[in-house]
Amino acid sequence: MKLRFQRKYLCIPYFIFLILFVIIPILLIVYYAFTDSNGFFTFDALVNFFSSTNKLNVLLVSLLFGVLNTVICLIIGYPIAYILANKKYNSNYVIVMLFVMPMWINFVLRTGATRDVLSWIGLSGGEHPYLATMIGLVYNYLPFVILPLYSTMLKLDRSQIEAAIDLGCNRYQVFTKSIFPQSIPGVISAAMMVFMPTMSSYVIPDVLSEGKVILFGNSIYLNYSNYQWGDGSFMALIMLLIVVISMLVTRNFSEKDEGKASTW
Amino acid sequence: MDEKNYIIDLKNVSKIFDGVTVVDNFNLYVKKGEFITFLGPSGCGKSTTLRMIAGFEFPSKGEILLKGKDITNLPPNKRPINMVFQRYALFPHLDVYDNVAFGLRLKKIPIELKDENGNPILKINKEKVKQVKEDIRHTKRNKVLTNEEKENKLAELNEKLQHLLNNPEQAYKYRKLSNQEIDSKVARALKIVDLDSLEDRDISTLSGGQQQRVAIARAIVNEPEILLLDEPLGALDLKMRKDMQLELKEMHEKLGITFIYVTHDQEEALTMSDTIVVMKDGEIQQIGTPKMIYDEPKNAFVADFIGESNIFNATMIDKLKVRFLNTNFVCLDDYPLNEKVDVVVRPEDVVLTEVNKGHLNGIIKNRIFKGVNYEYTIMINKNELLVKDTKEYPLDKEVGLIIEPNSIHIMKKDFVTNIYTDAYISKDNKVCIDDAPFECNLTQLLPGSFIDEEGYLVSKDKKKKYNLTDALVVAEVDINDIEIIDNIDSDEAKVVGEIVDLVYKGDHYQLIVRTDNEEDFVCVTPYTYNLYDKVGININKDKIRLRLKKELSEYEA
């Protein structure tokens, strides 16, 4: 039989990657999370995690950092995205570039530079670990907020703003009743882009706080580097669980908007 | 003059954007309950006028009065006027019901404040004070008014402000509409637009026509004094558009409110309006009922824009006698002897008959079947005449033409501009007037555009290219901008013609140079020429104003 080329064969390389680097690692994590060093089934890691105030504390701190970073990024990024999406400015490629360019440089390098800048202005990680970490996180994740918001706001119709004024909105109401509700899909995808990676971020808190701020990512890394495979894997599972939960939550939102939420 | 009948009154309104006059000294009053249409080609200022009535733009000069009250600088949300937008501008995050209820939820109903004894409580009206202060701010920033005009206006406003501060008025408190009130109003509005069953539908699931209806419902539910419609049917297909035209007219009768409609579609304007305002270059050309505008166009532009028409240069040769197409006709309009006039003959008013049985003869050069009738292009010497007739005639047949006196409409010739309605763009981007190519500036058709090396017109953002070869245009040249070249053999003489008319006007001559093709160039000169002198004509390329007959988008490359 002659083997005929079909378009779907083009997916094969991707599937190989998917299996090697996503499916198998997940299975390995599940395996390690529920076995001891001899390979016997055990709930030790689960008991360890929920009985250790230290680990629960790390989870709580990470959640807090995630939420705080998301909120700050949105507050800073929203007006910028709005202005950039305005026709008057978005033809100015330079401004758009300035906001996107940092994304093209490896973030480990950038974080090193951030640390030096911060200590130069007197905010060294040793003295202000939380503040320095926060600044680093906001700086790194800001472009991820601006881009999805920007692409949603490009779709905003200038005449809708006029329509809102025409129907009786004052300037403040135009924002609360027309612009903001329409940009919610962008806000959600922006929040997704920031919240999860912040929780699991490792390099930024490690470098900027000089090891004083431990987020969930750092904690998992520590466990693995101490050969506590079970504990590390279980925490990774918790991480996965949070990802799944937040995906379910946001999917509820975007279903309402019928896929209008950008994939960003 | 009883101004109370006028719902809206525009007095000497001008709008100037960056030194360009978009609307020029616009004077118009609209009676309550009228259906009025602003009609004109794109860029004629009709939308800007509408936006000034809505409050999205503020006039540079002049006043807008609503029921006699000055609303010139009032923001849109404080005007009892609602608008239906070109692309509907519905809110995609809300369903049909919430879209329609949007305005109602923002509405505040005033309740008179009274003290225990039932006497009205008086307070200084802060709203009005704020508005007068806003007016003062607008006046101070106005760059168009002269200093003197500004000072007068400011003095007037300051006086008004003092009056308001010294005279407390009835105070009000406000309440919002209750949910039941909103429910019943929304239901009624949706019933008017025939959408009563779609309350819960998402906007994105509606068809274009349904979205259009929601947009109308959203505006009329607020019970505005005036409903503004900015080319609302532009995005619909032909059949749908025709249905909506009739429905809009019906709605207008049912609601009894004033409709101000903007369109570039003359047929739409004729179908729906009580009154049509024909605009060009920010100026009103003619105001009248559809019938008046169709039957008695004031000038060649109106005649050309409204319906299909044959326009000829003509001369009054006797009392109630006019000569055009080398033939004398009896007419009903009385103009002075020897006056140069424009004559309009509608294609459906010409009757075809056998050779030599009509007023003149012509040869059928083209025939198009249009369903109801045939559209013939008939050559009479070198002139074309468009005729509509239900009978079928063969091509190249010579026929007789009857043009009755009552189908000849004579218009005073507008001697300010030469208008050439059958000009076209040649391959090398020149404009051909009377088959002679003139250098011209095509970039005027699109602000900010330029011509690239390949001869395409490129838009400012370089996203769109247009190939204008063979595009039909109307070319206009002021009489002062036509140069007379004495040496008819020089390169500068683009066309050569004979001086057929010569009028001395105190300090200059106004003369008409007629080419071999019977095209006339009206020009002025301080020098003396003799009748029947042969002269050449040249026109500076920047002085030729062009207007496409079709939309620019049809030429996109």
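1. The contact between the two chains of this predicted model takes 18 residues from chain B and 16 residues from chain A. On the side of chain B that touches chain A, strand 6 (81–84) and helix 2 (96–106) of chain B each supply at least two residues, and helix 2 of chain B gives the most to that side, with three residues. Sorted by class, the side of chain B that touches chain A has ten nonpolar, six polar and two charged residues.

2. Turning to chain A by itself, the secondary structure comes to twelve helices and zero strands, and, read along the sequence, chain A follows the pattern α-α-α-α-α-α-α-α-α-α-α-α. The C-alpha trace of chain A spans about 70 × 70 × 35 Å along its principal axes, and 33% of the 264 residues of chain A count as buried. Among the contacts in chain A with a separation of 6 or more, 74% are accounted for by residues 24 or more positions apart.

3. Helix 7 (residues 129–154) of chain A deserves a careful look, beginning with the way in which helix 3 (residues 53–85) of chain A packs against helix 7 of chain A, at an angle of about 45° and with their axes 7 Å apart. Helix 3 of chain A and helix 7 of chain A are therefore oblique to each other, and helix 3 of chain A passes helix 7 of chain A in a right-handed crossing. The contact of helix 3 of chain A with helix 7 of chain A has, by class, 23 nonpolar, two polar and no charged residues.

4. Helix 7 of chain A also packs with helix 6 (residues 107–120) of chain A, here at an angle of about 135° and with the axes 11 Å apart, which makes helix 6 of chain A oblique to helix 7 of chain A. The crossing of helix 6 of chain A and helix 7 of chain A is right-handed. On the side of helix 6 of chain A, the contact is made by A:Phe107, A:Thr111, A:Thr114 and A:Leu118, while helix 7 of chain A contributes A:Ala132, A:Ile135, A:Gly136, A:Tyr139 and A:Asn140. The residues of the contact of helix 6 of chain A with helix 7 of chain A divide into five nonpolar, four polar and no charged.

5. As for chain B, there are ten helices and 37 strands, and the C-alpha trace of chain B spans about 95 × 60 × 55 Å along its principal axes. Of the 557 residues of chain B, 33% count as buried, and 67% of the contacts in chain B between residues at least 6 apart in sequence join residues at least 24 apart.

6. The domain assignment of chain B gives four entries, namely domain 1 (3–80 + 224–286), domain 2 (111–175), domain 3 (303–412) and domain 4 (417–555).

7. The C-alpha centres of domain 1 of chain B and domain 2 of chain B lie 28 Å apart, and six residues of domain 1 of chain B are in contact with seven residues of domain 2 of chain B. By class, the side of domain 1 of chain B that touches domain 2 of chain B has three nonpolar, two polar and one charged residues.

Technical notes
Residues numbered from 1 in each chain as written. Chains lettered and ligands numbered in written order. Predicted model: local features only at pLDDT ≥ 70, side-chain atom pairs only at ≥ 80, totals over all residues. Domains from an automatic or database assignment. Contact = placed C-beta atoms within 7 Å. Nonpolar A, V, L, I, M, F, W, Y, C, P; charged D, E, K, R; others polar. Helix = DSSP H or I, 4+ residues; strand = E, 2+ residues; numbered from the N terminus. Buried ≥ 20, exposed ≤ 12 C-beta atoms within 10 Å, placed from the backbone. Axes fitted to C-alpha atoms, helices over the stretch in contact; angles between N-to-C directions. Parallel < 35°, antiparallel > 145°, perpendicular 65-115°, else oblique. Left-handed = near helix turned anticlockwise from the far one by under 90°.
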